[in-house]
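Below is a structure to be read piece by piece. The paragraphs after it go through its parts in turn.

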Amino acid sequence: IPDQHGPACSSDSDCAAYDSCIRCASSGFCTCVDTSTGQCAAAASSTAKPATITNATAVDHRRGLGGAPFMNCGSTPLCGVLVLESGYGPPDYHHDVPCVHGIWPQIGSYGSSQCIAPSDSSDPTSMASCYDDLGFMTHEWEKHGTCAGVKDSNDFFNQVCSLSAQPLSVMQPLKAQGQSLADMASALKNGGYPVYYVDDVDSQIYISVCASNDGQWKIADISQFSTVC
């Protein structure tokens, strides 16, 4: 999308699946800007108008993180997903018990969320209660937390741990019983959690969340964003 960065990336190959992206920029996001012209190649090659989305329940066929549907925040400034790992995924996602991955504001090509910078963008220096790897926390903070409208990294990870505690308490006994990813998703839905997407590749469950300008994230169905946040 011209004037917006695309999906996060580490190499040009990460951008190959996106029609309007031609390379991985130094910012760590896919871009449509051609280095030889300084202009967006997609804009130069197409006159098609982008889809117009008017409310949080409108259908949009763009895809977000992990293949999830493009998320429209409606009038809510911040929206995203609370990502929970089942523990059944490939090596980096394989754990004895389900755990939290993080809160991902759905910005740019992933959704219409604003990217609101923190008051203090310093990297985390201590371990949050729901993580066991400071390096991974730093990755989550730099990639997602710095757009979450929070005060600082402590505020961000305190919210991640707090929001994930209850849904994880639903998933963890099911994992111990050998229940499947689908079983976990069904149990969360039956428990009233708004399951937005189930990622079968990395065996993760996305729960929709939103926040107003105060940066306080809340679990909410996308149809309720404007009233909850």
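This is a predicted model: local features need pLDDT of at least 70, side-chain atom pairs count only at pLDDT 80 or more; totals for chains, interfaces and linings use all residues.

Residues are numbered from 1 along each chain as its sequence is written, and side-chain values use heavy atoms, with hydrogens and water left out.

The pLDDT is the predictor's confidence in each residue, from 0 to 100. Its average over the protein is 83, and 71% of the residues score at least 70. Residues 1-5 have a pLDDT below 50, and beyond near neighbours in sequence this stretch has eleven contacts in the model; a contact means heavy atoms within 4.5 Å. Residues 42-63 also stay under 50 in pLDDT, and for them the model has 25 contacts beyond four places in sequence.

Helices (H or I, at least four residues) and strands (E, at least two) are DSSP runs, numbered from the N terminus. Burial is given by relative accessible area: buried means under 20%, exposed over 50%, and partly exposed in between (1.4 Å probe, protein chains only).

How many disulfides does a search of the whole structure find? The search finds four, a disulfide being a pair of cysteine sulfur atoms within 2.5 Å. Such a link is a covalent bond between the sulfur atoms of two cysteines.

One of the disulfides is formed by Cys 115 and Cys 147, with their sulfur atoms 1.8 Å apart. Cys 115 sits in the loop between strand S4 (99-105) and helix H2 (134-143), and Cys 147 in the loop between H2 and H3, so the pair ties together parts that are 32 residues apart in sequence. The torsion about their S-S bond is about -75°, so this disulfide is left-handed. Cys 115 is partly exposed, at 45% relative accessibility, whereas Cys 147 is buried at 10%.

Cys 130 and Cys 161 form another disulfide, with a distance of 2.0 Å between the sulfur atoms. This pair links distant parts of the chain, 31 residues apart: Cys 130 is in the loop between S4 and H2, and Cys 161 is in helix H3. The link of Cys 130 and Cys 161 is left-handed, with -80° about the S-S bond. Cys 130 is partly exposed, with a relative accessible area of 23%, and Cys 161 is buried at 11%.

Cys 210 is joined to Cys 229 by a disulfide with an S to S distance of 2.0 Å. Here the torsion about the S-S bond is about 75°, so the disulfide is right-handed. Cys 210 belongs to strand S6 and Cys 229 to the segment after helix H5 (225-228), distant parts of the chain that are 19 residues apart. Both of these cysteines, Cys 210 and Cys 229, are buried. Cys 99, by contrast, is in no disulfide; the nearest cysteine sulfur, that of Cys 130, is 9.1 Å away.

The aromatic rings come next. Rings of Phe, Tyr and Trp (its six-membered ring) pair if their centres lie within 6.5 Å; planes under 30 degrees apart count as stacked, over 60 as edge-to-face and the rest as tilted. By this rule there are six aromatic pairs. Trp 141 and Phe 156 form a tilted pair, 5.8 Å centre to centre, with 55° between the planes. Trp 141 lies in helix H2 and Phe 156 in helix H3, so the pair ties together parts that are 15 residues apart in sequence. Trp 141 is buried at 0% relative accessibility, and Phe 156 is buried at 1%.

Which residues of helix H4 (residues 181-190) are buried? They are Leu 181, Met 184, Ala 185 and Leu 188. Seen down the axis of H4, these residues fall within an arc of 100°, so they line one face of the helix; the arc is that of the directions from the helix axis to the C-beta atoms. An α-helix has 3.6 residues a turn, so residues three or four places apart point the same way. The buried residues of H4 pack against helix H3 (153-176), strand S5 (195-199) and strand S6 (204-211). Gly 192, whose phi is positive, near 90°, follows H4.

The last pair is in loops. Gln 106 is found in the loop between S4 and H2, and Asn 72 in the loop between helix H1 (41-45) and strand S3 (78-85). The two are 34 residues apart in sequence and 8.5 Å apart in space, C-alpha to C-alpha. Gln 106 is buried, with a relative accessible area of 0%, and Asn 72 is buried at 9%. The side chains of Asn 72 and Ser 112 are joined by a polar contact of 3.0 Å. A polar contact is a pair of N or O atoms within 3.5 Å; within protein, one must be able to donate a hydrogen and the other to accept it, and residues adjacent in sequence count only if both atoms are side-chain atoms. The side chain of Gln 106 reaches the backbone oxygen of Trp 104 at 3.2 Å.
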